[in-house]
Amino acid sequence: MSAELLNSIKENLMKGKANDVKNLCEQAVKEKIPVGKILSDGLIAAMAIIGEKFKNNQVYVPEVLIAARAMNSGMAVLKPHLKAADVKAKGIVCIGTVKGDLHDIGKNLVRMMLEGAGYEVIDLGVNVEPQKFIDTVKEKKAQVIAMSALLTTTMGSMKTTIDALKTSGVKAKTIVGGAPLTDSFAKEIGADGYAADAASAVDVVNKLLAA
Ligand code: B1M
């Protein structure tokens, strides 16, 4: 029965049915399925499938956004119970679009995928000053700085942030991404990781934190 219910959460999330996901999560909590299990085998499992499909061009941005909305409606049900059950996030990531850059659609997708994978994500928004990333790592104990850029003119702010992080002595891993970036640029500026799309960003963050 519990496997059936979790499967139903998964199926409905992938179809983006936010209301059904909310109701099914409420039912699962009532049936005393452990909240950590509802999260991992229901919501996160479904977002992982959506992520893979997105990577393989089997679904596109609108489907990911709709699935993420359904995930959020399930998360709203689970959040208070997760705290009570002391289910910890996989890690803390602070994310932002770098200084001078106002594009946030890709950055938001990365945030949603990371949240879908069980990370706590602090979203600093757009036009984020290098120092803001570093201050957030200090204040919130984030383990990863995730930076997005869509303009060739703002990619340099990623290097400024990484250099400032190094001189500050604050420890955090860095991952960069965005349409004009390449793996070799990421290496050149000393980033710890690069991802070409939002689903791959989850794989990279998983690897960085496992290392
Ligand atoms: Co702008 N814009 N834009 N724009 N815009 C581009 C980027 C551009 C390529 C258009 C063009 O000329 N063909 C061009 C950049 C050229 C360049 O630098 N080489 C450009 C320009 C020039 C500008 C302005 C300067 C225009 C002007 O005012 N003259 C201006 C700049 C404003 C500023 O930022 N200071 C500007 C403004 C805007 C809007 C505000 C109108 C709007 C942004 C709205 C918003 O984001 N809320 C906008 C848009 C929508 C675009 C295009 C059309 C679409 C970008 C997008 O959202 N793509 C874009 C042209 C294009 O790409 N066709 C363009 C969809 C999104 C899902 O993809 O963000 O690449 P993307 O994210 C991907 C991956 O890159 C990756 O994951 C996502 C998919 O899984 N990814 C990461 C992204 N971040 C990641 C981080 C990671 C890992 C992966 O780890 C941390």
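Student: Which residue stands opposite isoleucine 145 in β3?

Tutor: Strands of a sheet pair through backbone hydrogen bonds, either parallel or antiparallel. Here cysteine 94 faces isoleucine 145 in β3. Strand β1 (residues 92-97) pairs with strand β3 (residues 144-148) in the parallel sense, over five bridges. Two strands count as paired if DSSP finds at least two bridges between them. Helices (H or I, at least four residues) and strands (E, at least two) are DSSP runs, numbered from the N terminus.

This is a predicted model, where local features need pLDDT of at least 70 and side-chain atom pairs count only at pLDDT 80 or more, while totals for chains, interfaces and linings use all residues. Residues are numbered from 1 along each chain as its sequence is written, and side-chain values use heavy atoms, leaving out hydrogens and water.

Student: What is the order of the five strands in the open sheet?

Tutor: The order is β2-β1-β3-β4-β5, with parallel pairing. The edge strands, β2 (120-123) and β5 (193-194), each pair on one side only.

Student: Which residues come nearest to the ligand?

Tutor: A residue is near a molecule if one of its heavy atoms lies within 4 Å of it. Of the 25 residues around the ligand, the nearest are Leu102, His103, Asp104, Ser148 and Ala198.

Student: Where are the polar contacts (N or O pairs within 3.5 Å)?

Tutor: A ligand nitrogen atom is 2.7 Å from an N or O atom in the side chain of serine 148. A ligand oxygen atom lies 2.8 Å from a polar backbone atom of alanine 198. The elements giving two or more residues to the shell around the ligand are α5 (105-116), β3 and β4. The largest share, four residues, comes from α5.

Terms used
A polar contact is a pair of N or O atoms within 3.5 Å; within protein, one must be able to donate a hydrogen and the other to accept it, and residues adjacent in sequence count only if both atoms are side-chain atoms.
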